[in-house]
Amino acid sequence: MTGARSRRSRLLFGTLMVILIGVGLVLIAYLTPLMSVRSTEVRDNKAVPTDEILWVAEVPEGTPLLQVDTRAVAQRVAAIPSVESVRVQRSYPSSLLITVTERTPVVIINEDTKVHVLDRTGVAYLNYDRRQGVPPEMLKLPELVTPTPGPTDPTTKATLEVVSGLPESLLRQVIRVSATSPVAIELTLTGKRTVVWGDSERGADKARTLGDILTRKASTYNVSSPDFPALK
């Protein structure tokens, strides 16, 4: 009886010690500089400078890693217009890793002297004044013409889906993409050629069919029904 009680006491004592050691280690990590931020690494950024991301992140060196609010850091970095999404991770013992996904320019909108650059989701994340100059690579993007362009507009969404899915060989020929509704999308190509695309369904089939019939001279190519294309 006494032996059993003694074993239970030792087991209880051992369990208590493990808990106390665990709590102690957590407190050390949380309150002391032993596991604090000594470096912050930024990955996958190309257009957005690393210095800008670090400045916006606002993570002072010496901050204990467990005290870093990774969600708040991600929200601050995601506020940079050219950043689409952010992931912030603790890298023990003393580093913070910020991985960004940048927005990719898809189309432009011309508005008087302004040029707005939209990504695949319809967000106008870059804005230029023609009088102050626009990067040449942006002016090479197709122009978007829709009644109410924006990230929540169904017509804009359908049109951007079409442009984003075009193979590079076709995309290089697109000057303008216009639509009056999600099912009435048209492409204007170099050489004063028009493509009646229709809706955003079967994009790969339409692109393949268009590539085949573009070898024939015409002013209008209709691939709205890719199995039965027409041209005139």
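I count two strands as paired if DSSP finds at least two bridges between them. Strands (E, at least two residues) and helices (H or I, at least four) are DSSP runs numbered from the N terminus.

The model is predicted, so I took local features only at pLDDT of at least 70 and side-chain atom pairs only at pLDDT 80 or more, while totals for chains, interfaces and linings use all residues. Residues are numbered from 1 along each chain as its sequence is written, and side-chain values use heavy atoms, with hydrogens and water left out.

Sheet. I looked up the strand order and found an open sheet of three strands, E1-E3-E2, with mixed pairing. Strand E1 (39-43) and strand E2 (83-91) are the edges, each pairing on one side only. From one strand to the next the twist averages 20°. E1 and strand E3 (residues 95-102) run parallel and are joined by five bridges. Ser-39 stands opposite Ser-95 in E3.

Helices on the sheet. I took contact as heavy atoms within 4.5 Å. Axes are lines fitted to C-alpha atoms, for helices over the stretch in contact, with angles from 0 to 180 degrees between N-to-C directions. Helix H2 (residues 50-57) lies across E1 and E3, at about 125° to E1. Helix H3 (residues 70-78) lies across E2 and E3, at about 150° to E2.
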